[in-house]
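Here is my notebook from an afternoon of looking things up, one entry per topic.

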Amino acid sequence: MVDECLNEWSADSRPEIRALVTKAFNTDKEGKINRSEIFTLLRLDIVDERWQRAMQAIRDAIRVTGSKSYIRFWMREGIDAPRQAITIDLASA
């Protein structure tokens, strides 16, 4: 459905327009899609019915497979010293 929208909308456009959306579906070196790019597409305010159906299909396909809890503290040696993150992973603590 996303391809249908892109083909119609970019018929007379430069290829860079299409590259913006296809970037979200390109896989990384581990064969996984870029989740942050997909979530960016979901936030776009596009009223085309096909686009809305495609975004709903993506939302329906999202599954949370796990989560981690952590606490992050910041420490610095002095007032002018840079802060250093101290992370405690509660899942493995």
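**Entry 1: strand β1**

I started with R72, which touches A85, I86 and T87, not counting residues up to four places away in sequence; contact means heavy atoms within 4.5 Å. R72 has its place in strand β1, residues 70–75. I note for later that helices (H or I, at least four residues) and strands (E, at least two) are DSSP runs, numbered from the N terminus. R72 and I86 sit 14 residues apart in sequence, and their C-alpha atoms are 5.7 Å apart in space. With a relative accessible area of 43%, R72 is partly exposed. My cut-offs for that: buried is under 20% relative accessible area, exposed is over 50%, and partly exposed is in between (1.4 Å probe, protein chains only).

**Entry 2: ground rules**

This is a predicted model, so local features need pLDDT of at least 70 and side-chain atom pairs count only at pLDDT 80 or more, while totals for chains, interfaces and linings use all residues. Residues are numbered from 1 along each chain as its sequence is written, and side-chain values use heavy atoms, with hydrogens and water left out.

**Entry 3: the chain overall**

I looked up the secondary structure and found 4 helices and 2 strands. From the N terminus on, the order is α-α-α-α-β-β. The chain has 93 residues, of which 16% count as buried. I also checked contacts between residues at least 6 apart in sequence: 23% of them join residues at least 24 apart.

**Entry 4: α1 against α4**

How do I describe two packed helices? By the angle between their axes and the distance between the axes. Helix α1 (residues 2–9) and helix α4 (residues 49–61) pack at an angle of about 150°, and their axes are 8 Å apart. Axes here are lines fitted to C-alpha atoms, for helices over the stretch in contact, and angles run from 0 to 180 degrees between N-to-C directions. α1 and α4 are therefore roughly antiparallel to each other. The classes I used are under 35 degrees for roughly parallel, over 145 for roughly antiparallel, 65 to 115 for roughly perpendicular, and oblique for the rest.

The crossing of α1 past α4 is left-handed, meaning that the near helix is turned anticlockwise from the far one by less than a right angle (clockwise would be right-handed). On the α1 side, the contact is made by V2, E4, C5, E8 and W9, and on the α4 side by R50, W51, A54 and M55. Sorted by class, this contact has 6 nonpolar, no polar and 3 charged residues. For the sorting, Ala, Val, Leu, Ile, Met, Phe, Trp, Tyr, Cys and Pro count as nonpolar, Asp, Glu, Lys and Arg as charged, and the others, Gly among them, as polar.

**Entry 5: residues at that contact**

Which residues of α1 are buried? I found V2, C5 and L6. They cover an arc of only 95° around the axis, which puts them on the same side of α1; the arc is that of the directions from the helix axis to the C-beta atoms.

C5 has a relative accessible area of 0% and is buried. Leaving aside neighbours within four places in sequence, C5 is in contact with D48, R50 and W51. C5 and W51 are 46 residues apart in sequence, with 6.6 Å from C-alpha to C-alpha.

Beyond its neighbours within four places in sequence, R50 is in contact with M1, E4, C5, E8 and W9.

E49 is also found in helix α4, but E49 is exposed, with a relative accessible area of 58%. Between E49 and C5, 44 residues apart in sequence, the C-alpha to C-alpha distance is 9.7 Å.

In helix α3 (residues 35–43), I listed E37, I38, L41 and L42 as buried. Seen down the axis of α3, these fall within an arc of 150°, so they line one face of the helix.

α3 and α4 pack at about 140°, with their axes 10 Å apart. That makes α3 oblique to α4. The crossing of α3 past α4 is left-handed. I38, L41 and L42 of α3 make the contact with W51, M55, I58 and R59 of α4. These residues divide into 6 nonpolar, no polar and 1 charged.

The C-alpha atoms of F39 and I58 are separated by 9.3 Å, with the two residues 19 apart along the chain.
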